[in-house]
Amino acid sequence: MSLRIVRAGPGETIQDAGRFGYLRYGIVSSGPMDWIAFRLANRALANPADAAAIEISRAGIEVVCEDAPLLVAFAGGGFVWEHEDARLPAAAVIMLQPGRRLRARAGAWGTWTYLAVAGGLDVPLVLGSRSTYARFAIGGLEGRALRADDVLRTRDHASDNVTEGTLRMPLLERSNAPVRVVLGPQDDYFTSAARTTFFSESYAISGRFDRMGYWLEGPALAHEAGFDIVSDGIPLGAIQVPGSGQPVILMADHQATGGYPKLGTLTRADVGRFAQHRPGERVRFAACTVDAAHRALREIYAALDETSLSASDEILGSSNLIGGVVDGT
Amino acid sequence: MPASSSNLSPPRFLDAGESAIVVEFGRVVDAALHDRVLALDAAVTAAKIDGVTETVPTYRSLMVYYDSTCINRDEVIARLEKLLAGAASVRVQPKQRTIPVCFSAPHAQDLAEVAQRLQLSEERILEIFTSAKYRVYMFGFLPGFAYLGRLPKALEIPRRTTPRSPTPMGAVQIAAEQVVITGVAMTTGWYMIGQTPLRVIDLARESPFIFDVGDEVGFEPIDNAMFERLT
C-alpha cells in the first residue's frame, strides 16, 4: 500500500522515534519535535511506538491514497484536516480509499502534526532509524524533506481491530502552563538574577526557529562565569545561552555537543508542548526537580496507555467520517 | 581554552534534564582529564547497565543517558561511582590510525596564509604537523566533525575573527591548539592546511566511522594522484 505526496511545504519529513547511539560521532537523534503527538498517532493504529510517520509543519501537506485502502491516523497541534471536501477533527483515524485526498494546513494553533499510516512508512533504516536528518542528508526519503510526487510505501500491518473515529486526547490540548525545566548542567555559570529572571519573565519565540532550535527573545540572561565553555554534551531541550544573553532551546536536530553554557533542560514531559509554539507566542518556564520530571513522564506514559483505550471505545461508536460527517470537536 | 595539569578531584554529577547525567571531570582541555573520561566510558560500555542507553565522551565530561522508566537517577549515580572507583586504574589503550592527507593545492587552501602568519616555511609546517600524533578528543557540532589534539605549540594560530568561505568535506584544519576534520562541507573559523580523501563517516563502509574518540591519529602525506585514487 502506498501514499503519494500531492503537495508538501518545505518542512515535511519522515520521522520515527529517533536515531540513538551515535551522539558520540556527532549524529543527533532527530525524531519527532512533539514526541507525544507522534506516539499517539502510532498508538491509535496499534503501530509499533517507533513506526515512521510524516511530520508536518505549518506549511501543510496533501496526500493521495494510491492503490489500496489505507488506515491512517493524525494528531498534533490544532491543524485543519480535510478529507476531499469534508472537514475532519484535528486528531482522528480514517480509512483512506484509493484516489482520495487528505490535506492538512495550519489551524488555530500549533506548529507540528503527525500523519501515521498503518504499519508505518517503509523507508530504509539508516544507522538503525528511519528519521530524516536533512542537515546530513540521511534517513527518511533520500535524506531530504518530502515533495510532490514522492510515493511512500507502507510496511505490513498486523492489527485488524482498528477502526475510524475521532481521537480525543487530553495530552494534546493546548496549554499555557509553564514549561517545566530541570536546572543544569551549567546553571552556576549564570548570575542568580539571571536564574530568577528566566523563571519569572516570559520569553517570545522569535522568527528564527526550526528543527534544530528555537531562538527566544526576552530579558537577557547575564553570565557570571563567561559564555565560552569547553564543549560538552547537549541533550534535547537544552537551554543554551550564547553571549547575547538570549536563550536558544535546542530541539530534535540539535548539535550533539556545544560550547555555550546551558542553564537548564526542558522536561521530556513538556518539550513537545513547547515545540508547538509559534513565532511571537510567549512562553513561561518553571523550575522542576529531576524527581518531579520523572513523575511527569510516568504520568504521560500512563495517559498514553489510557488514551489508547478510550480512543478505541470512541472509535467504535464514532460517526462515519468517510461519509463526510464532521465530528463535533 | 586554557590547559591545566590533571586534576584528580572527584567528578561532579550534573543533571542534563531528567534523561542524562553529565559526569564532569573538569572544565578545561587536558589529556589526563580526557583519560578519565575514556576510562569511565569504557567501563560504562562494558558494564551494560540496564536502562543506560548511550554515552557521549567530550573533552572534559562523559554524558550518560538513561531511561528513567528502567533505572532511577540515584541508581545511575551509584553505579557510576562504583565504576569510577575501578576505572581510575584503567588505562584505555588507544587504537592507532593513519589518515592519508593531501597537503598540495588545491587541498591546502590556507597553508600559505598559515606559513605567512607563523613565519615558518610550508615545508617546516608540514614536517612539524606530520611528525606529531593526535588524540581524537570528541565529535560534535556536526556529524563527523572531529576535534583532535593537541597541535604542536609551534603551529598554534588564533581562530579567525570572521569565518572563511566553506571548506569541503574531509578538510584538515587547525586553530588554537586543535586540529579538526570535517564530516560535511561548512564555513569555519579555522585554517585548512590539507584534505583527506577518506570520508569521516561513510555509511556504505563496513565500519562507517574512520576513528573513535580516544584513538591516536597520525597524518600521512599523499600526492594529488593518490588523493584522486582514494576518493
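## A buried histidine in chain B

His34(B) lies in helix H1 of chain B, which spans residues 31–47. The model described here is predicted. In this model His34(B) has 25 other C-beta atoms within 10 Å; a residue counts as buried when 20 or more such atoms lie within that distance, and therefore His34(B) is buried.

Which residues does His34(B) contact, leaving aside its neighbours within four places in sequence? They are Tyr59(B) and Tyr137(B). For Ala16(B), the separation from His34(B) is 18 residues in sequence and 20 Å in space, taken from C-alpha to C-alpha.

## The overall form of chain B

Chain B contains five helices and 11 strands. Its radius of gyration is 19 Å, close to the 17 Å that the globule rule gives for 231 residues, so chain B is as compact as a globular protein of that length. Along the principal axes, the C-alpha atoms of chain B fill a box of roughly 55 × 40 × 35 Å.

Of the 231 residues in chain B, 46% are buried. When contacts between residues at least 6 apart in sequence are considered, 62% of those in chain B join residues at least 24 apart.

## Domains of chain B

Chain B is divided into domain 1, residues 12–87, and domain 2, residues 96–230. The centres of these two domains of chain B, taken over C-alpha atoms, are separated by 29 Å. Seven residues from domain 1 of chain B and six residues from domain 2 of chain B take part in the contact between them.

On the side of domain 1 of chain B that touches domain 2 of chain B, H1(B) gives the most, with three residues. By class, this side has five nonpolar, two polar and no charged residues.

## Domains of chain A

Chain A is also assigned two domains: domain 1 (2–171 + 304–316) and domain 2 (179–288). Their centres, taken over C-alpha atoms, are 28 Å apart. The contact between them takes 18 residues from domain 1 of chain A and 13 residues from domain 2 of chain A.

Helix H1 (35–44) and strand S8 (101–117) of chain A each supply at least two residues to the side of domain 1 of chain A that touches domain 2 of chain A. The residues of this side comprise 10 nonpolar, six polar and two charged.

## The contact between the chains

How many residues does each chain give to the contact? Chain B gives 39 residues and chain A gives 31 residues. On the side of chain B that touches chain A, the elements giving two or more residues include strand S1 (12–15), strand S2 (20–24) and strand S3 (52–57) of chain B. S3(B) gives the most to this side, with five residues. By class, the side of chain B that touches chain A has 22 nonpolar, 11 polar and six charged residues.

In soluble globular proteins, nonpolar side chains tend to be buried together. The largest nonpolar core here has 170 residues, and among the members that touch the most others are Phe74(A), Tyr114(A) and Val64(B). Strand S5 of chain A, residues 70–83, gives the most to this core, with eight residues. Beyond its neighbours within four places in sequence, Val64(B) has contacts that include Ala20(B), Val44(B), Thr55(B) and Leu80(B).

## Confidence in chain A

The mean pLDDT of chain A is 91, and 92% of its residues reach 70 or more. Over residues 309–329 of chain A, however, pLDDT stays under 50. Where pLDDT is low, the predicted coordinates should not be read in detail.

Technical notes. Residues numbered from 1 in each chain as written. Chains lettered and ligands numbered in written order. Predicted model: local features only at pLDDT ≥ 70, side-chain atom pairs only at ≥ 80, totals over all residues. Contact = placed C-beta atoms within 7 Å. Helix = DSSP H or I, 4+ residues; strand = E, 2+ residues; numbered from the N terminus. Nonpolar A, V, L, I, M, F, W, Y, C, P; charged D, E, K, R; others polar. Buried ≥ 20, exposed ≤ 12 C-beta atoms within 10 Å, placed from the backbone. Core = buried A, V, L, I, M, F, W, Y, C linked by C-beta atoms within 7 Å. pLDDT = per-residue confidence, 0-100. Domains from an automatic or database assignment. Rg over C-alpha atoms; globule rule 2.2 N^0.38 Å.
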